[in-house]
Amino acid sequence: MGGLTSATCDHRGVGHDWAEVGERCWVRRYPEWDVNVGVVAGSHHVLVIDTRGTRQQGESLRDDVRRLLPHPQVAWVVNTHQHFDHTFGNIAFDDVTVVAHENAAAGLDASADRIRRLCREDGPDDPLNAEVIATALRYPDATFSSVRTVDLGDRYVELFHPGRGHTDGDALVRVPDIDVLFAGDLVEESGPPMYGEDCFPLEWPTTLDVALGVLTPGSRVVPGHGAVVDLAFVQHQSTDIAQVANTIGGLVHAGVPLESALSQGDWPWDPEHLREGVRRGYAHAAPPPGRLPLLSD
Ligand SMILES: [Zn+2]
């Protein structure tokens, strides 16, 4: 995105890494999984949004925040959802209050078990996989169910749960005085949104409608992965996400079996990317037993 200004340089000359998306609000895009981390500074406290995917990455994030702000008082961490690439770095923020949606906190163990299993299957000797496997969980200290605010001194940040979508614990982080929204993985820029085995594809469109409701033409939206986007981008992605939900619903009601759904549906992305999402959608949309054969006549 144009218009981003670099806030600081790494002293070792690595480059311009923090991008200021609004007054005293920065984003840093890390190469591992192309994940974004946010920082919002107030007169009294600093809030960090997501903590990367391993203990080591969390520690390097803390160092990066220290370089960004001369005397940062990081008092708050918000996890946008339970997935490892947004939460496993929590362990490096032991003296900070970590906040997440109540479902994200409750689902952290199961989500961690899944990613550790995948890392073992992928190859436990891979250094990055080994880091993920070895990272201890650091659970949220505080949770919320619908909305809460965090006071940073001369400004505040809103956290709200717009509904289920990418997971059941998605949180949006809004910085109202600068019209910036951190969207977690409800919005992705570097690729299609991730439909994993804990997603809610049929509810995702209405969840995004809630997000769209707080955006303006001047909003800057920080996706969980990729470049900073705007209202038009989120509207477009919301249309695609609605197409997935509508296609699943149409196929279910037409009696198309799950095994044929990927080949028969009209999908906005490579159907293979949607395999798990379609399976989830079928499970959530399934009509009562006995109805499918009638519809498929
Ligand atoms: Zn995620």
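Where is W33 found? I located W33 in the loop between β3 (25–29) and β4 (36–41); strands (E, at least two residues) and helices (H or I, at least four) are DSSP runs, numbered from the N terminus.

**Basis.** I worked on a predicted model, in which local features need pLDDT of at least 70 and side-chain atom pairs count only at pLDDT 80 or more, while totals for chains, interfaces and linings use all residues. Residues are numbered from 1 along each chain as its sequence is written, and side-chain values use heavy atoms, with hydrogens and water left out.

**Loop between β3 and β4.** I read a positive phi, near 60°, for W33. I noted that D34, in the loop between β3 and β4, has a positive phi of about 50° although it is not a glycine. Most residues other than glycine have a negative phi. For accessibility I took buried as under 20% relative accessible area, exposed as over 50% and partly exposed as in between (1.4 Å probe, protein chains only). W33 is partly exposed at 32%, and D34 is buried at 19%.

**Zinc site.** Which residues are the protein donors of the zinc ion? I listed H81 (NE2), H83 (ND1), H166 (NE2) and D185 (OD), at 2.2 to 2.3 Å from the ion. Donors are N, O and S atoms within 2.8 Å of the metal (3.2 Å for Na, K and Ca); water is not among the atoms, so sites may look incomplete. The spacing of the donor residues in sequence is H-x1-H-x82-H-x18-D. Because H83 lies in the loop between β6 (74–78) and α2 (84–87) and D185 in strand β12 (residues 180–188), the pair ties together parts that are 102 residues apart in sequence. I found both H83 and D185 buried.

**T207.** I placed T207 in helix α6 (residues 204–213). T207 is buried, with a relative accessible area of 3%. Leaving aside neighbours within four places in sequence, I found T207 in contact (heavy atoms within 4.5 Å) with P162, G163, R164, G165 and L186.

**Cavities.** How many cavities of 30 Å³ or more does the structure hold? I counted 2. A cavity is a set of points, on a 1 Å grid over the protein atoms alone, where a 1.4 Å probe fits but cannot get out; lining residues have an atom within 4 Å of a point. The largest cavity holds about 60 Å³ of space, volume being the space filled by probe spheres set on the points. β4, β12 and β13 (220–225) each give two or more residues to its lining. Among the lining residues I noted D50, F182 and P223.

How values were computed:
1 Å grid on protein atoms, 1.4 Å probe; cavity = no way out; pocket = protein on both sides within 12 Å on 5 of 7 lines; lining within 4 Å.
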